[in-house]
Amino acid sequence: MIEFRKFQRCFQIPILLIIGALLVIYILFKGPVYYQLNLQPQRHNANAADKIKLIDPRNSLHGSDLVRSATGTHLGLDDVFIAVRTTHRFHRSRLNLLLKTWISKSDNSTWIVTDRLPTHELAGQHIVTTGCTPRHTPSALCCQMGSELTTFLSEAPRLWFCHFDDDNYVNLLALLDLLRTLPDPETAFHYVGRPSLDHRISSTDRQTDKPVRFWFATGGAGFCLSRSLIFAMRRFVIDREFISNCERISLPDDCTIGYLAETLLNASLNKQNAFHSHLEHLGTISNQNIADQISFSYSYREDNPALLNRVNVSGIFTEVEDPTRFLSIHCILYPNESWCPKKQSK
């Protein structure tokens, strides 16, 4: 008996060490695993205050409207993957404005897709670095869109994928209101956005040498795809297949999305005029109808006021203080934001 106890004590510590090592290995491998494709995404650390912005009802006109219902039947922002495409040259001039405004309400649902990692700290943000060239060419845009779609496919399940550019303001409440009206995105094909043309675009399928015609939602206004549709697109997206499909029809990324959805998968574009890009006249949007719109954009040049195109809002910030009008839009939608003027003219 004495010999057995000595034997037991001799092996007790090594056994405990082995069990501890196995527990550490289990935790490491069962913890959060980020998409490890060729995208090398990174997420900066966020403190607790950063993480509660999404569900803080004090800064929202409609309180818990951004949050999924307790029963799970009410779509919330946690069900939506929002990709914002940018490049390093616009990290400070454009991206910082979005971080200050609408992304501050959706940082857990927004992925910033860029050509290189920002040089300044973006606490609590999902960052996807693509390695694509920052040039605004069809091949570069197709490279970036392929990265957006591949990231969605490799992330934790979300019901919707939505794309926007770094010159878009997104009205999250209006976006959710629209998506909540659409049937089950896990089984139904949904392709939602605004066409920039009043007719189908035409091209030639270089594989079949046959003409193709289809609608597409302009990427500059933003668009959304249901989970089921994206997974049906998977074989046309992964392993650089999206770029190959761009080349197949000799058109940019947003057109290629329309080609995949309408021509190859028979999913018709659901046209929604509440999405807006700088390609349209934005001056018809004013304080009175801001809340009904889903996305906004702008274009302006300080050296040529004649090229000005932006939303017509007033009574909050001056045009000098807010040349894009995004600060004013944000304060109309979230009047209790700490930095918004407390008195607004009607």
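How many of the eight residues of α9 are buried? Eight of the eight are, so helix α9 is largely enclosed by the rest of the structure. Keep in mind that you're looking at a predicted model. The chain has 346 residues, and 51% of them are buried. Its parts list runs to nine helices and twelve strands. Let's walk through some spots you can find in the 3D view.

**The chain as a whole**

- Take the contacts between residues at least 6 apart in sequence: 69% of them join residues at least 24 apart.
- For one example of sequence versus space, look at Glu 155 and Phe 81, which sit 74 residues apart in sequence. In space, their C-alpha atoms are 9.2 Å apart.
- Glu 155 itself belongs to the loop between α4 and β5. Its relative accessibility is 18%, and because buried means under 20%, Glu 155 counts as buried.

**Helix α9 and what covers it**

- Helix α9 spans residues 326-333. Its buried residues are Phe 326, Leu 327, Ser 328, Ile 329, His 330, Cys 331, Ile 332 and Leu 333.
- So what covers them? The cover includes helix α3, strand β6 (169-170) and strand β12 (295-296).

**Helix α3, the partner of α9**

- Helix α3 covers residues 91-100, and its axis comes within 10 Å of the axis of α9. The two axes cross at roughly 10°.
- Angles under 35 degrees count as roughly parallel, so α3 and α9 are roughly parallel to each other.
- On the α3 side, the contact is made by Leu 97, Leu 98 and Lys 100. On the α9 side, Phe 326, Leu 327 and His 330 take part.
- Sort the residues of this α3 and α9 contact by class and you get four nonpolar, one polar and one charged.
- Which residues of α3 are buried? They are His 91, Leu 95, Leu 97, Leu 98 and Leu 99.
- Those buried α3 residues pack against α9, and also against strands β2, β3 (110-114) and β5 (160-165).

**His 91, a buried histidine in α3**

- His 91 is part of helix α3, and with 4% relative accessibility it counts as buried.
- Which residue does the side chain of His 91 reach with a polar contact? The partner is the side chain of Thr 114, at 2.8 Å.

**Helices α4 and α7**

- From α4, the contact uses Cys 142, Cys 143, Met 145, Gly 146 and Leu 149. From α7, the contact uses Phe 242, Ile 243 and Cys 246.
- In this α4 and α7 contact, seven residues are nonpolar, one is polar and none is charged.

**Arg 85, a buried charged residue**

- Arg 85 sits in strand β2 (residues 80-85). Is Arg 85 buried or exposed? Its relative accessible area is 9%, so Arg 85 is buried.
- The side chain of Arg 85 has a polar contact of 2.8 Å with the side chain of Asp 253.
- Leaving aside neighbours within four places in sequence, Arg 85 touches a list of residues that includes Val 113, Leu 141, Gln 144, Met 145 and Glu 148. Also on that list are His 163, Phe 164, Asp 165, Asp 166 and Asp 253.

**Two loop residues with positive phi**

- Asp 209 isn't a glycine, yet it has a positive phi of about 60°. You'll find Asp 209 in the loop between β8 (201-205) and β9 (210-214).
- Asp 209 is exposed, with a relative accessible area of 63%.
- Ser 250 isn't a glycine either, and its phi is positive at about 55°. Ser 250 lies in the loop between α7 and α8 (253-264).
- With a relative accessible area of 51%, Ser 250 is exposed; the cut-off for exposed is over 50%.

Note on methods: Residues numbered from 1 in each chain as written. Predicted model: local features only at pLDDT ≥ 70, side-chain atom pairs only at ≥ 80, totals over all residues. Heavy atoms only, no water. Axes fitted to C-alpha atoms, helices over the stretch in contact; angles between N-to-C directions. Helix = DSSP H or I, 4+ residues; strand = E, 2+ residues; numbered from the N terminus. Parallel < 35°, antiparallel > 145°, perpendicular 65-115°, else oblique. Contact = heavy atoms within 4.5 Å. Nonpolar A, V, L, I, M, F, W, Y, C, P; charged D, E, K, R; others polar. Buried < 20%, exposed > 50% of the residue type's maximum accessible area, 1.4 Å probe, protein only. Polar contact = N/O pair within 3.5 Å; in protein donor to acceptor, adjacent residues only side chain to side chain.
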